[in-house]
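Biologist: Please give me a close look at one part of this model. I want the contacts, the geometry and the surroundings, with your cut-offs stated.

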Amino acid sequence: MATDRPLALVTGASRGIGAAVAAALAPTHDLLLGGRDDAALAAVATRLGDRALPWPVDLTDPVALAGATERIDELDVLVHSAGVGMLGTVAELDVDTWRRQFEVNVVAVAELTRLLLPALRATRGSVVTVNSGAGLAARPGWGSYAASKFALRAFTDALRGEEPALRVCSVHPGRVDTDMQRAVVAHEGGEYDAARYLRPESVAAAVLAAVTASRDAHLTEIVVRPSG
């Protein structure tokens, strides 16, 4: 994709916040849409036009990830939106759940960033991690998920200090109207009411603000809460 527009890679772009972020960036950026669902990525790409290309890869497969990134020489924006949210108490969750949660929410983010650092340095680009309110405070029953999001915040803080030429932002939304939120409410035994939650587009607006801020401004952390 050789154009005069900046290039952005958005993970988790097949639905929810990731798809909303891609739509927010589409007017000004060429896009690589990361995810594992080829059909869903193709549908998003069709909606966004020929400046958006599916980028299907399993982020937890280091060999596949290395192959998928090797031809990206310059990258202006990297948005980490992919993630999993598996809830349960410390007594309930087994070691495989803990490992899977950290593998997706932390290790994959770190490895993809590492592989793309030369491309990001080439443009003095931006990295945005879509974190969570759980990355700021942990609640009972959210221990594993919150621990992974605390770790993601630590990674983001370290990256910001290590790469001063890059702009690195951590976005912490409250509850968002997504498929993941429906699963969370079902787990909690509640009744789902979309009006109580943030729209994915509202979180995408925060990501866009971090990416498009003037060069004298570095938005390092953005917290977004439902207004109701």
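Modeller: Start with a helix pair. On the α1 side, G16, I17, A20, V21, A24 and L25 make the contact. They meet P200, E201, V203, A204, V207, L208 and V211 of α7. Contact here means heavy atoms within 4.5 Å. By class, the residues of this contact split into 11 nonpolar, one polar and one charged. Nonpolar covers Ala, Val, Leu, Ile, Met, Phe, Trp, Tyr, Cys and Pro; charged covers Asp, Glu, Lys and Arg; the others, Gly among them, count as polar.

A word on the basis. This is a predicted model, where local features need pLDDT of at least 70 and side-chain atom pairs pLDDT 80 or more, while totals for chains, interfaces and linings use all residues. Residues are numbered from 1 along each chain as its sequence is written, and side-chain values use heavy atoms, without hydrogens or water. Helices (H or I, at least four residues) and strands (E, at least two) are DSSP runs, numbered from the N terminus.

Now the geometry. The axes of α1 (residues 16–25) and α7 (residues 200–212) come within 8 Å and cross at roughly 50°. Axes are lines fitted to C-alpha atoms, for helices over the stretch in contact; angles run from 0 to 180 degrees between N-to-C directions. The two helices are therefore oblique to each other. Under 35 degrees would be roughly parallel, over 145 roughly antiparallel, and 65 to 115 roughly perpendicular; the rest is oblique. The crossing of α1 past α7 is right-handed, with the near helix turned clockwise from the far one by less than a right angle.

α7 also lies across strands β4 (77–80), β5, β6 and β7, at about 165° to β6. Helix α5 (residues 143–162) lies across β5 (126–130), β6 and β7, at about 160° to β6.

These strands belong to an open sheet. Its seven strands are parallel, in the order β3-β2-β1-β4-β5-β6-β7. Pairing requires at least two DSSP bridges between two strands. Neighbours are turned by 15° on average, direction ignored.

β4 and β5 run parallel, joined by four bridges; V79 has V128 of β5 as its bridge partner. Four bridges also pair β6 (residues 167–173) with β7, in the parallel sense.

Finally, β5 is mostly covered, with five of its five residues buried. Buried means under 20% relative accessible area (1.4 Å probe, protein chains only); exposed is over 50%, partly exposed in between. S126, V128 and V130 point one way, V127 and T129 the other.
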